[in-house]
Each structure stands twice: as structure tokens, then as C-alpha cells.
Amino acid sequence: MMRAAADQMIRTFSGNTSGLCRRLEGKVAIVTASTQGIGFSIAKRLAEEGAKVMISSRKEANVNSAVQKLLNEGLQASGVVCHVANKEDRKRLLDETKAKFGGLDILVSNAAVNPAVGPVLDCSEDVWDKIFDINVKSTYLLMKEARPLLKQGKSPSIIIISSIAGYQPFGLLGVYSISKTALIALCKATYEDLAGDGIRVNCIAPGVIKTKFSQAMYQSESIEETTKSKIPMGRLGLPDEMGGIAAFLASDDASYITGETIVASGGMPSRL
Ligand code: NAP
């Protein structure tokens, strides 16, 4: 796609959220890893649509600053430190959400790491364990631990952040890619049981989104051009473009959708 057309699309997505509907009024949301990037954009959008949002990540200073940004915009937010692989942290996240906001209706599992880059069969056991502990096991455990609270919620739902790499593994991010495929499988393996509790569960699979996490894919002009050349829409995505998808999935507009994945990749292919 011509650069001018791609730029026009970015302008069309203005980031202007005035006039948003308030589909999540009265709901309570937890977003993990929500102090920057995609998690922060999702938290902000859920709050803009009326939800009370619990911000969390590993570092207290990041939590405080993200909460303050939302409060400054007149949104309802609180924060708690939570390293998703830590059982006590996850318990405190759920306990404080209940104490502060009275329950839980929306759980967004967004935390993920990728500590190593290289050929998939060169990955050490430690790195494999870390990727699977944070990206997959922590999501699974948090879903289990949040289930009793969500069950009592208002049209409750879970949103898992997977990746386009879960469909088509990225060259040197093989094990990370496997973990993101596992999250799509986790969604598929749990939606029937959760439907019995009235809880929907869906995934979002972002393409290459401009955040700190993906900076290696746009760190120089030539690398960014190579990345863009693989994206049919000719540009990287923006974190705010993920927020509306999460708000839709958490809302009653998606009341008949469960066990599915919405791919937002600018056209990068998504076939398993
Ligand atoms: P990011 O901008 O680098 O933000 C990462 C966030 O995660 C920070 O708020 C960080 O805060 C927090 N965090 C890191 N480790 C954590 C842990 N163990 N427990 C709790 N919080 C933790 O990343 P991003 O690009 O938004 O990525 C968010 C999600 O989107 C990930 O699941 C990623 O796999 C997925 N994704 C990203 C892209 C992309 O191109 N960016 C594409 C597809 C999917 P602290 O440092 O304070 O903990």
C-alpha cells in the first residue's frame, strides 16, 4: 500500500474518544500489565466506556503513574502491584478489586514476556519455562482464581491477549509464538465450561503494535520499512487500536461471542 494511503488510515483513526458510547457503565475490570502499551490503552478505553478499572503491573511507580493518568482524565481507576507469576500478588489483585469496587465483571489477561530471541530449537529450558510461566500458566491460574468472582459479575467476560504470532510463528520468536498459540488453545479449551457459569472468554491477536515490547521491529528506519513490507496495510498498529476491540468483547454487543479470537494485524495472515 502507498504510504499516503496508510497515513490517511492513521488519520482516520484519530484517537479522539469523545462521543464514545458507555457500554461498560457499572462494570469492574482488571487489566494485567496495564501500565503502558496495549494494556494501558485497553484499561483507558474500558474506563472511558464507564468501567471502574484496576491497573496492575510489577512496578509500583508504574502503577501509580498509570492510575494518575486515568484519574486526571476523570476516569475511575485504582491500582495494585501484581507480578502475574506470583500467587500472592494475584490474590491481592483480586482481593483489592473486590474491596475497592465490589466485584469483577471483566478480566483482561495481557501480561507476557519474551526474554530471548533466536532459533526455536536453541531456546534454553529456563527461557522456555519463563515464557510459559508468565504467558500461559499465569493466564490459566488467574482465570481459575478469578472465576468465582466473575461468576457473580454482570455479563462477565475474560479477554486473553494472544498475538498474530500465535497463528504464524515469527522467525526468531519461536517459543513466544508457541505460547501465544497456547493461549488461543486455552480459550478454546475453556469456553464451554465457562459458558456454564455465564462467563464468555475470547482472545485478541494483535499484529505488530508500536510499543516498547516490539521496538526491535521498528528501531531503525530500515528495520521499520522491512516490518511494514510484511503488513498489507503498510503500517504498524497503535496500542489505542486494541482498546476498542477489548471494549466490544467485554460489552453486551458481544453477548453471543465466546471461544473466539479477533485478529487485528493490518492484514497479516491468521490461519492456523
Ligand atoms: P509493553 O508496552 O512493553 O508493556 C508491557 C507491560 O507489561 C508493562 O506495563 C509492564 O509493566 C508489564 N509487565 C511486564 N511483565 C509483567 C509481569 N510479569 N506481570 C505483570 N506485568 C508485567 O508491551 P505490549 O506490547 O503492550 O504487550 C502487551 C501484550 O500484547 C503482551 O501480551 C504481548 O505479547 C501482546 N502483543 C504485543 C504485540 C506488539 O507488537 N506490541 C503484538 C502482539 C501481541 P512493569 O514493567 O511495571 O511490570
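User: Is the crossing of α4 and α5 left-handed or right-handed?
Analyst: α4 and α5 cross in the right-handed sense. In a right-handed crossing the near helix is turned clockwise from the far one by less than a right angle, and in a left-handed one anticlockwise. Helices here are DSSP runs of H or I with at least four residues, strands are runs of E with at least two, and both are numbered from the N terminus.

User: Before going on, where do the values come from?
Analyst: From a predicted model, in which local features need pLDDT of at least 70 and side-chain atom pairs count only at pLDDT 80 or more, while totals for chains, interfaces and linings use all residues. Residues are numbered from 1 along each chain as its sequence is written, and side-chain values use heavy atoms, with hydrogens and water left out.

User: OK. At what angle do the axes of α4 and α5 cross?
Analyst: Roughly 30 degrees, and the axes of α4 (residues 87-101) and α5 (residues 125-151) come within 11 Å. Axes are lines fitted to C-alpha atoms, for helices over the stretch in contact, and angles run from 0 to 180 degrees between N-to-C directions.

User: And which residues meet there?
Analyst: From α4, K87, R90, L94 and K98; from α5, S138, L141, L142, E145, A146 and L149. By class, the contact of α4 with α5 has five nonpolar, one polar and four charged residues. Contact means heavy atoms within 4.5 Å. Ala, Val, Leu, Ile, Met, Phe, Trp, Tyr, Cys and Pro count as nonpolar, Asp, Glu, Lys and Arg as charged, and the others, Gly among them, as polar.

User: Next pair. How do α2 and α8 cross?
Analyst: Their axes come within 8 Å and cross at roughly 50 degrees. α2 and α8 are therefore oblique to each other; under 35 degrees counts as roughly parallel, over 145 as roughly antiparallel, 65 to 115 as roughly perpendicular, and the rest as oblique. α2 passes α8 in a right-handed crossing. On the α2 side the contact is made by I38, S41, I42, K44, R45 and L46, and on the α8 side by D240, M242, G243, G244, A246 and A247. These residues divide into six nonpolar, three polar and three charged.

User: What else does α8 lie across?
Analyst: α8 (residues 240-250) lies across β4 (106-109), β5 (157-161), β6 and β7, running at about 165 degrees to β6.

User: That brings in the sheet. What is the strand order?
Analyst: β3-β2-β1-β4-β5-β6-β7, an open sheet of seven strands with parallel pairing. β3 (77-81) and β7 (261-264) are the edge strands, each with a single partner, so one side of each has no neighbour in the sheet. The twist from one strand to the next averages 15 degrees. Two strands pair if DSSP finds at least two bridges between them.

User: How many bridges join β6 to β7?
Analyst: Four, with β6 (residues 200-206) and β7 running parallel. C203 has T261 in β7 as its bridge partner.

User: And how many for β1 and β2?
Analyst: Also parallel, over four bridges. V28 stands opposite K52 in β2. Five of the six residues of β2 (residues 52-57) are buried, so β2 is largely enclosed by the rest of the structure. Buried means under 20% relative accessible area, exposed over 50%, and partly exposed in between, with a 1.4 Å probe and protein chains only.

User: Is S157 buried or exposed?
Analyst: Buried, with a relative accessible area of 1%. S157 lies in β5.

User: What about S78, buried or exposed?
Analyst: S78, in strand β3, counts as buried at 13% relative accessibility. Leaving aside neighbours within four places in sequence, the contacts of S78 are V53, M54, I55, V67, K100 and F101.

User: Last one: where is D252?
Analyst: In the loop between α8 and β7. Beyond its neighbours within four places in sequence, D252 is in contact with K27 and S155.
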